[in-house]
Structures are given as structure tokens and as C-alpha cells.
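Keep the sequence and the picture open while you read.

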Amino acid sequence: MAEDFFQGYKGEALAVLKKYNVRVWGQADIETTRGLFKGTVLPRAENNDDLHIVIKIESGYNVGIDITTVIRMTETGYKKANYQIPEKEFPYSDDKPTVKLLGTGGTIASRLDYRTGAVIPAFSPGELYGAVPELADVCNIHTEKLFGVFSENMGPDQYMTLAKAIGKEIAGGIDGIVIGHGTDTLHHTAAALSFMVQNPPVPIILVGSQRSSDRPSSDAALNLIHATTAAGHGDIAEVMVCMFGPTSDEYGFLHRGTRVRKMHSSYRSTFRTIGDIPVATVRRGEVKPMKPDYNPRRKDRDVTIKPYFNENVTMIYFYPHMKVEMFHSLIDMGYKGIIIVGTGLGHVNRELYPALERAQKENVAVYMTLQTIWGYVHMFVYETGRDMMAKGVIPLGNMLPEVAWAKLGWALGQTDDLEEVRKIMLTPVNEEITEREPYNGYLVYQGGVPEVEEFIRRVHK
Amino acid sequence: MTRTDALKNYEKTREEIGYASRKEATLNDYKRIGFKSGLEVHQQLKTKSKLFCRCPAGIFHGHDEYDAEVIRHMRPTLSEMGVYDGTALMEFRTRKEITYRLNNHTACTYEVDDTPPFPIDHEALEVAISIALAAKMNIVGEVHITRKQYLDGSIPTGFQRSAIISVEGELPLKNKKVRLIQLSLEEDSCREVSDIGHKRIYKTDRLGMPLIETVTYPDCLTPAELAEAAEYIRFLNRSTGLVRTGMGAAREDVNVSCEGGNRVEIKGVAHIKWIPELSHNEAFRQYALLNIRGRLQKMIADPVAWKLKTREITETDSQFHFAPVRLALDRGEKVMALNLPGCRGILSHFTQPEHVFADELSDRLKVIACIEKPNMIHSEEIGEKNFNNLFPEVAIWLSATPDDAQVIFWGPAEDIPTAIETIDERIRLALTEVPNETRKAFEDGTTMFERVLPGRDRMYPDTDSQPIPVTTEMLERLGRNLPADIATRFRQMNDWGIPADAWHYLLSKNLVGVIERIGDELGFDHREVGILVGHRFRSLEGRGRVAKGFSYERLYDLFAFLRREELLPPVARIMLPGVVSSPDPDFKQILTDLGYAPASLTEIKSGVKELARKFEEISYNCSSTASIDWVMGQLRMKAIGKLRMSEVRKEVSEILAVK
């Protein structure tokens, strides 16, 4: 491919650059009606307008030049920036556990891409070591990039590929697995893998970052240190999410893959275990279990990999006065499984009843979960609930809606027999439905209350 | 070295570099050392909200008024150009744990970097553009928010969001032009609560408030020019009426170098009056460091082979348990003795008044290795309290030669490797250059090391925000509301010969235009009017003597009155207290109340001898000057306004001399 001298420029801005023969990475003197500007022409983010040219001035800042003000441009030099993460040879040592890092496209260490303004991940062990040298004190790292997709583009195909890759690594004798992942759908993937990879002998840790690693206060490096610690040294051999405990740089949590949810759009401490306590805390060099009933690390390689998924599964978020056509349309489109996210104890309005009856008749699996996120579906309490159960809607206890979606897709991937599916759905693989909700499993404090205020003043958030 | 020898060395080296105090220093001194300096002036803008979130701006809390705390560590990241910044690496070495104190009233989740930025505050953007227009700079076509890394923790994100508004411009000072590099709009940083060991605490009330930074080229060649440039920028900012005033609202960073030295930035100078002394001392400090380099290069033949020697002083080495060593051991710290080959006479070398090169080591131990002071003693102390006489033993123990110097320092065991590295690095730097660094200012005009000076490599585009176009329509609209052209005003005052001490007042009160009209339209001397307004009127205003509702237009009316009555400006001087006491003064009445009765020169001359006789009767001092002074005093109200007092004095002197 010919070299692109005008990266990201289009339309009028591109025409101006061409007219004056000035390239991206060219040093330019730009005379404008607003005065003289000198600097290096930078690529332009693709989604920005075509009315400005971006230059980096001597002091290191970027500024935009309005092309309608340009009188003359002269290229006085050319110097292409060559940016890369310093790659250092990763210092392997025999006395440390070996951890495999599987990449999915999330950013752990990264650099910036001028063209889109986006962040390009660093991934090879050498690059990672260059960015987070502490990793060498934790474990030996090998990496494999399975795919490069954003979190929101992850899906069943990727879950199955991951599950198989995990199986292969375990068979190969690895001490622990870390999966780098964007945070938006981290908990969907965690749930799917919890079902597809059963009874693993080593920890399988999903990790991401809420602040990209191109910023000094990023949580990425510490998350990665925590994740590799948990994978390489921890005793808990389950599929778990490892992310910040508090927003402070203090410790991380290990959340069970079936009970975890992203609860804030931007906080570092966004992942929370719902309806229970996290499995463990992780600090540098230490994994401290909080729940005694975990699956311990084993020497054997006996893991069950079940990479199945039926994509014809959907989820519908109920709202008051929802029209029955909404539900009919899902059946019309051929969905074989529907997770309802219902109100309160697990309800929808009567207007949907005919569609529920149709689903039952046409062998579509319909399960009930909750908008309240916390608590159990209780369909015996009100008449509505009893009516719905009669129409084939199956309550899923305290299974989280996203987990239910993943599990139903996985179950229907194995069988069409709805009775079999029902059995799979209601038999917990790893606490996606718990028998009891501990008293400290639901803690959403409200500010303003004196004792709460006193607590948050004292304890780091 | 005995204390006397060390003191002698300090004095000798001070002389060697030709240090002169600022009072003694002449233009030639600054030429000799190649004084070069520029400014970065930070000015907070008077907006309702912070720059990138909707928290209120300008509300401040005490150290303990917080609702929650958050902890962060900073980690260097790569620049777009693919390299790490030097400061970043230094801060990473310090391993600081940073605590932020949050008050719900002034901080939201943006301040602690748990929420991406909201769109830029438009009020702030417009103020910044207005000031850039007033400074006649080249305004950008599109504002790009950039991240400028700060790993000291003063901003929880680890970077400051900052954007260039304009580039290139100039400040027309009295005798020269100082060029401007750029003007940026940025968010203010946290205020430090404390910084002890590895813990630094900040509060977040000021964090995120909008400010502009105006940066000049290093065009100032004397401390006085530097102060003048600072005054100019201060005025330029204030002339819009859109900036904050008061403690901390305007802060200067001063960049200084001497010939052969390097750019050193003195941070956060709160008062312009401190700038001359600080820049003066910094230029001489660099000059001293060059002298140190020369000496070291003579002493150390092969810098690459140079190696300091370390030896731990343990519990068993009781012969070296000098008081501070004993205390450190009792605290459970590690104590190290260092031999610095070829460094004799360097540790006590003059750097700043009352400061020696050893302070450069001690400062870095504090800042980089996080070892609180006092953190070391050495073989060339000049202070009263010293252990110099005990060091010969240490020297032998370290197998030192007479050309060497010794240091003993202490600190927590985990900080020792960084500490040794820090001292080694500082000596090596001394062999080659004046280190690029930022320094903290003290009121006495001296400075101390703060951090390694950051370079360009710490700038990143902000991926959380979009560029903001600055349209021609926007510039036209903002341009219409601009205050009078400041550069023109400065030039006018300079041309008229109005004393510089009145400039700031006249500009900030927008009085230059009034003086201009009094001069141009009424035919009075601008300088005379300027002094009257800039000194006399200002003093009345300062003492609260000016009536509420008094318009500066009345000053014009006063001079119009003088013109009509054919009176000279000095009469305005005595009229002013009366004039300003009412928003609607009656000038005639004021003259009457003053008992003003002018006489002709002939009349005045005829009474001089009589007055002189009277003086002789009442006075003890019969010198002719005293006599003339007294007579002039008596004649003042008769002559003022009609006759020039200098002429009258001449006549009086002649008459009395004849006698």
C-alpha cells in the first residue's frame, strides 16, 4: 500500500494540504489571517471536520488551523514520529508461576493512535514489561492475542473461542490464565465462560481497566498486577473478574463470574458482586479469600469445556404498558429463548399474556429475572406471578439478567428439549442462583446520613 | 575541613563567581553572567463553574473540611512520540502515595477522575479568547484539549487538561519588547496539605478552576525587566475585569538561566515583588554551578570511572555514632557513609546566599528519596552546629584521599538505594551541566529543588474531548467588547513620561483615556496631569476620601474649569480633596473655601522683603534656604495656579540675595 501522506484528512482540508504540498509529519510555516503558526502537521482524527488542519507547535501542544484563514503554507522539514512502547525482554525465571494472557482487544498497556485519537494496546510480553515492569516480580508471562474487538463487539463466537483456548492452555500445564477484556461486557463474558469452562484446576481471571493505560492515574497496571497475582499465586480456581475494590489504588476484588455486574459507567470500582460478597481481595503479592467455599487450585488438568451457544436468545426489559406486539415480534423473529427483565418480584403487565401463551405453545423458553438487580424472583406472592407461571414463565431466583441470557444461550446450545433446558437453567454451575442472600450481600448506602458520612470520611472510597 | 575552612571556602567561592547582591548588582553583572529570563503567568478566571465539570469555582476549604478521601499512585505513560518524560520517571521513583481530600460542595466524581470531562466551560473559553485578543496574539482556528502530564499528584488524573488559545505576541515594555510564546486555558491543580515521606495529601477545592497561562520568551535580561513584564501581563489580564484577584489568583513561574546554564523554573511565585530577588539568585546559582563544574572537571580526570564509595554505619560502628546518627539508628533507620572522590571544597561551595552545594544533595534526598530533613551531615558544614572535626575518622574508614569529601545520610532502609542513586546522579550532573529543574521559591529569595523539569514529551491529545472551533464571528463578537488597547496605553504613558509606579493604577482604573483627553483637548501637559491623577488622586482614593458616585469624568471637568479660569494645574492639587468629596463638586466654591486669592507677580515681589523680615523674627534657623522656603510657603496660595512656583522661587531668591 502506498504511504498515506495525508492521514485522516479529507475534503477541503485535504485540498489545502495538497495545494501547498504539505504532508502529515511535515514541519510547516502557516501564514493565516490570524497570524503565523509554525509546527508539525499531525494526522487528523477521522470523525473530525474537514475545515481544520492540526499541528503540534514547538511547546508540544496541538492546535487547529482554520483552513479559510490560510494565506500560504510552506513545508520546511519532515520528520515522522516513530512511536512504540519500549520493548524490553521479559525476564523469565523458573521459580515463578507461568501465566497466559489471552487478549481480546481491551487495553492494558497502550499508546495513542493519532489517526483516531484512540488507544492502541501493548500486548507482547516485552511491551507489557516495558509498561508495567512489576509484572516480572509476579510471574512469567506468555501472551496470545485471540482477537481485537471492543468489549461491546464481543459475542458468542468469541466466548466459544476463549473457552477452547482456555482448555488448550490448561491441558498445556499453565498455572493460571488472565483474559484482557474491555469492561462494558466483561461480566457477560465472565458469565458465559463460567458455564463453558467447568471445574477448572487453575484460576481464570478476566481483567480490564476503567481508565485507559495512556493516563498516569490509570487503573490498568494495578489491575494487571492484581490479576496476574490471582492467576499465578491465588488458590481460587474459578472464572473470576478482577477489578478495583475501592476507587482508591488500594486493593482489587475477585468476583465470581456469575455474580458480578458493572454498576457505574466510569468509576474504577464499577464491578460489584451482587447479592453476595466478593470471593477474595487481592493486593500486591496476596490473595485473601473472603468466602470459604471456593473451588481450590488443583494439580490435575481435569477441566470440562462446553463451548456451546445458541444465538437465538434475547432479553427484553419490561416497562409499564408494554404492547403485546413487542413480545410477539421476538417470537416472530425466531428467538428460541427469551429472558424477561421484569419489575418488582418478577412481573409484566397482563397485556403480554397472549404472547406468553403463544411462546409456551410454540416451544419458546421464557425465563424471568429482575430489574431490581438485587433479590429473588418471587412469583407466588401475587396473582400476576402465578398467572405467568401457568403460562410457562420460569423464575430464575436471584440469577442476574445478563447471566441468565448467557446461560440460556449456552443451555439452548446443548439441547432443544425445554425440559432439559429447564433442568440446566435451575441447576447452578457456580452460584448463579444462590440458596440464600446474606445480609451483607445488599449494601447500597445513601449519602447525607451522618453515620454514613462519617464512614466514608474515614474509609477510603 | 574545619568550620572556619568551610566558611572561608564558601566566601572564597562566592567571590570567585563575583556574586553581587541585587542592590549592588549592575547591568554589567547581569551581562557578565548572561542573565536570561522569561515568565509563565497563571491567572485564574472569574467564572461561576470549574472548567470541565459543573462544580462551583472559587470556594475554598480548610485542610480538615473534607467528606471523603481517595488514594492514587501515578505511573508514567508514553507520549505520542513514544518516550517517557524525565519528570515522570523521577516522580515514579519517589513512589508517593497520594491522598485527595474531597468536599462534596466543591468536588464531584470528575475531580478524582472517576468521570470523563464534561464540555468545556464556555464562559472561561470566551474570557481566555478575550484576553488573547487584548494581547493581540494569533488566535488558533480550533482549540485542542491536550493532556499535560503532572506526576507529582497535584492533579488526580495525572495530567492537566490544557489548550492553546493563541500563539505569538509581544509586550511593549518601557525600553524593549518581550515576545509572547503562547496563551493557554487550563484547569488549576490541587492545593497541597502536606508532603511527608512517601505520603502526600492534597485538597481538591481549587482543582479544575479555569486559569490562563501566558508564556513569554526568555527575553528579559535583568530582574527589573522581568518584574516589569510580570506587571504588564498582570495588568493585561486584569484590564478585562474577568479574572480573579486576591491571594493565589495570579501566580508566576519564572524561567531563569545564565550563560552556559540551563532553563530552571521557579514555581508558583505568589508576588511580583519577589521575582527580581529570586531570578537574581537563581542566575548566580547557575553561575556558581558552572564554577563547580570547572573545579570538578579539574579534580576528576575520568568522569565515567568516577565512583562514590558507600559503607553502612551499623550498631557496632559506635565510633561514628554522632548525635544525628545515633538518633537515626534509634529510629530503626539505615545510616550510610559516602566518600565522594575529588569533591573537597565542593560541598561548601557557594550556591545561593547562605546556601552551599551540599544543600543540593540534601534537597534531592528529601524530594526524590522522600527522606525528611535533616537527612545528612557532611565534612564541610558551615553552620554553627557541625561534626566536621569528626569526619577525618570517617575519611580514614572510607579510605578517602585528601581530595575527597564525605557525607553521612540516613533514612528508611527501603529508601537507601534511591538515595544513593540520587546523590550519585547529582554529582555526575555537576560534572556536566546545570540540571534542568523546577525549584520552589522562598520569601528570602532563595530556592530549593522541586523536581526535574518536564519536557515536551509530556503532552498528549485528550481523547475524552473534541476540538472546539474558534470562528471568525466569535472573534468579532468578543473583539467588540474589548477594553482599550493596552499596548497603546502603555506606549502613551511611556511617551508622556508618566512615572512607571503610576501605570498599573491608571490602567486598571481605565484613567489613561481621561488623561489623554485632558491633554489633547484642553492642552495640558499629559505628564503633569498623569502624576496628579496617578499619585495624588490615587492616594485620596486609597484613603477612602473619594465620595460614592464620583465619576472620573469630574477630573476632566476640573481641568476644563482650570482652562476656563486660566489656572495652572498645580492648583488642582490643592483642590482635589474638595473635588473628590462630592459626586457633583462646585469648583468655584472649593477655591473660595480654600481662601484662594491669586496675586500678580509684581504684587508678590513687592511683599517678599517684608516676609523675610518676619521670618527672621520668628525663626532660629537663619539660613537663606530656610528663609526662602518659608517665604514660598507664605506666597503659595497667592501664586499657585497663576504662576509657576519655580519661577516665583527664582524671583524670591534673587530678591533675598540682593538683600
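**Confidence and chains**

Chain B has a mean pLDDT of 91, and 96% of its residues reach 70 or more; pLDDT is the predictor's confidence in each residue, from 0 to 100. This is a predicted model, where local features need pLDDT of at least 70, side-chain atom pairs count only at pLDDT 80 or more, and totals for chains, interfaces and linings use all residues. Residues are numbered from 1 along each chain as its sequence is written, while chains are lettered from A and ligands numbered from 1 in the order in which they are written.

Me: Which element gives the largest share of the side of chain A that touches chain B?
Reply: Contact means that C-beta atoms, placed from the backbone, lie within 7 Å. By that rule, 48 residues of chain A are in contact with 48 residues of chain B. The elements of chain A that give two or more residues to this side are β2 (35-41), β3 (52-56), β4 (62-66), β7 (109-112) and α12 (450-458); helices (H or I, at least four residues) and strands (E, at least two) are DSSP runs, numbered from the N terminus. The largest share, 5 residues, comes from β4(A).

Me: Which residue of β5(B) is the bridge partner of A:G64?
Reply: Two strands pair if DSSP finds at least two bridges between them. β4(A) pairs with strand β5 (residues 142-143) of chain B in the antiparallel sense, over 2 bridges. A:V63 stands opposite B:V143. The bridge partner of A:G64 is B:E142.

Me: Which strands are the edge strands of the open sheet of 7 strands?
Reply: The order is β5(A)-β1(A)-β2(A)-β3(A)-β4(A)-β5(B)-β23(B), with antiparallel pairing. An edge strand here pairs on one side only. The edge strands are β5 (70-78) of chain A and β23 (468-469) of chain B.

Me: Which strands stand at the edges of the open sheet of 8 strands in chain A?
Reply: The pairing in this sheet is mixed, and the order is β9-β6-β10-β12-β13-β14-β17-β18. Each edge strand has a single partner, so one side of each is left without a neighbour in the sheet. The edges are β9 (140-145) and β18 (286-289) of chain A.

Me: Which residue in β13(A) does A:L206 stand opposite?
Reply: Strand β12 (residues 204-207) and strand β13 (residues 239-244) of chain A run parallel, joined by 4 bridges. A:L206 stands opposite A:V241.

Me: Is α4(A) parallel or oblique to α5(A)?
Reply: The axes of helix α4 (residues 156-171) of chain A and α5(A) come within 10 Å and cross at roughly 50°; axes are lines fitted to C-alpha atoms, for helices over the stretch in contact, and angles run from 0 to 180 degrees between N-to-C directions. Angles under 35 degrees count as roughly parallel, over 145 as roughly antiparallel, 65 to 115 as roughly perpendicular and the rest as oblique. So α4(A) is oblique to α5(A).

Me: How many residues of the contact of α4(A) with α5(A) are nonpolar?
Reply: A:Y159, A:M160, A:L162 and A:A163 meet A:T189, A:A192, A:L193 and A:M196. Ala, Val, Leu, Ile, Met, Phe, Trp, Tyr, Cys and Pro count as nonpolar, Asp, Glu, Lys and Arg as charged, and the others, Gly among them, as polar. The contact has no charged residues and 1 polar one, and the nonpolar count is 7.

Notes
Contact = placed C-beta atoms within 7 Å.
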